[in-house]
Amino acid sequence: MHPAIDDLEPLRALGWPDDPTAREALAAAAGVRLARVASQHRTAYDVALGPEELRRVQPPMPWTRPRFPPDQRAAVGDWVTLDATGKTIVDLLPRRSVLKRGAAGEHHRQQLIAANVDHVLVVVGLDQDFNPRRIERYLVLIRASGASPVLVLTKADQCEIVDDCVDLLAEVAESGVPIHPVNAKDPASAAVLHPYLGPGRTVVLVGSSGAGKSTLTNTLLGRQKMKTNAVRANDSRGRHTTTARVLMPLPQGGCLIDTPGMREVKLSGDEDVVESFDDIERLAADCRFRDCAHLGEPGCAVRAAIEEGELDEARFANFAKLRDELEAAATSQAERKAEARVLEKTPGKRIKDKYGRR
Ligand SMILES: Nc1nc2c(ncn2[C@@H]2O[C@H](COP(=O)(O)OP(=O)(O)OP(=O)(O)O)[C@@H](O)[C@H]2O)c(=O)[nH]1
Ligand SMILES: [Mg+2]
Ligand SMILES: [Zn+2]
């Protein structure tokens with residue numbers, strides 16, 4: 001058993017769900033103390049042991065090997081157990097959810113954004129940041145995460161067409177995805193988000209730089225913890241003020257993870273694009289060909305819907321783009337995994353490949 005993990009109450013305040021699945025996972029883990037990853041550094045982690053207690057710890061040896069699978073190293077939000085010294089991570093608990101994206105660059109690598117979150121709050125400014133196509137991308141990523149999406153439209157206090165924007169997004173998001181226009185600076189307005197917060201719960205805020213993630217974080221925390229910065233007047237772009245992902249306990253219990261603004265919302269390869277566009281999927285059932293790609297085949301119900309104005313052409317174009325992008329990412333992902341398996345079996349291979357076979 002875990003002698004030091006008898007008292008789970010401080011951890012519940014940190015978002016520990018304390019349900020049978022979570023307890024089972026904990027019982028199966030090695031290590032003597034449970035903690036939650038609050039931030040990541042080049043080689044070390046800061047973990048929280050309770051709402052008031054942060055500690056710098058080291059990863060276990062295997063994680064430091066270059067070939068160790070990156071998704072099996074801890075990300076912000078992960079639950080880990082520590083050894084008897086309390087200074088080294090021993091085990092990573094199975095994740096209930098993990099939000100990831102394709103890392104920036106051409107290599108189709110994956111980047112973990114946050115683990116064990118219940119809700120992903122997509123923070124979008126009701127200024128020039130507002131872009132339904134980008135929101136569609138976020139929704140595809142979130143669908144694959146195991147967490148639920150919530151759309152938070154900030155700067156509602158500065159926008160005159162809030163209702164129109166909400167209506168527009170209601171067509172983009174699947175039914176059931178909540179949409180909340182807020183003034184992120186105003187606690188009374190941000191209070192609509194309280195149902196997603198509280199003991200045993202975790203939210204992560206994602207969105208472009210300048211959207212108001214840190215402003216909202218400060219308002220929900222009730223203090224100015226995160227630095228914020230004005231956006232550029234001409235295009236509403238932020239200045240990438242937040243530079244690292246960080247998990248913070250909230251006064252009402254539970255945790256919130258603030259993240260740096262995303263320049264690119266790339267698919268990781270593990271998503272399912274069709275699932276997120278259920279309107280297109282429904283139309284496709286009436287296409288003449290089972291495998292219709294809706295690119296000009298005869299008897300295509302999707303093209304017909306576009307011509308009749310029932311389906312937004314721009315939404316379809318985004319769907320087609322995401323579908324291609326997913327295929328490319330998934331192919332690279334599969335190739336990388338196959339290569340890793342070969343390297344695993346023949347440790348000298350990488351060096352031989354690099355310097356030429358002799
Ligand atoms: N009026 C108004 N201003 C807001 C609102 N939300 C954010 N802002 C302002 O928008 C600017 C950018 O906000 P930040 O919270 O720094 O944005 P961020 O998403 O954290 O940006 P990065 O850290 O760069 O990713 C700040 O000047 C905020 O005061 C809002 O709802 N209403
Ligand atoms: Mg920020
Ligand atoms: Zn078709």
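Me: Before the details, what should I know about UniProt positions here?
Reply: UniProt positions are given in the numbering used here, and annotations may be inferred rather than shown by experiment. The model itself is predicted.

Me: Which residues does UniProt list for "binding site"?
Reply: The unreviewed UniProt entry lists Cys-287, Cys-292, His-294 and Cys-300 under that heading.

Me: Where is Cys-287 found?
Reply: Cys-287 sits in the loop that runs between helix H8 (278–284) and helix H9 (301–307).

Me: Is Cys-287 buried or exposed?
Reply: Cys-287 is buried, because its relative accessibility is 5% and buried means under 20%.

Me: And what does Cys-287 touch?
Reply: Not counting residues up to four places away in sequence, Cys-287 touches Cys-292, His-294, Gly-299, Cys-300, Ala-301 and Val-302. Cys-292, His-294 and Cys-300 are also on the UniProt list.

Me: Where does Cys-292 lie?
Reply: Cys-292 lies in the loop between H8 and H9. With a relative accessibility of 10%, Cys-292 counts as buried.

Me: What does Cys-292 touch?
Reply: Setting aside residues up to four places away in sequence, Cys-292 touches Cys-287, Glu-297 and Cys-300.

Me: Changing topic: which strand holds His-119?
Reply: His-119 belongs to strand S8, which covers residues 119–125.

Me: Why does His-119 count as buried?
Reply: His-119 counts as buried because its relative accessible area is 16%, and the cut-off for buried is under 20%.

Me: Which residues is His-119 in contact with?
Reply: Apart from neighbours within four places in sequence, His-119 is in contact with Ala-147, Ser-148, Val-150, Tyr-196, Thr-202, Val-203 and Val-204.

How values were computed:
Residues are numbered from 1 along each chain as its sequence is written. Chains are lettered from A and ligands numbered from 1 in the order in which they are written. This is a predicted model: local features need pLDDT of at least 70, side-chain atom pairs count only at pLDDT 80 or more; totals for chains, interfaces and linings use all residues. Side-chain values use heavy atoms; hydrogens and water are left out. Helices (H or I, at least four residues) and strands (E, at least two) are DSSP runs, numbered from the N terminus. Buried means under 20% relative accessible area, exposed over 50%, partly exposed in between (1.4 Å probe, protein chains only). Contact means heavy atoms within 4.5 Å.
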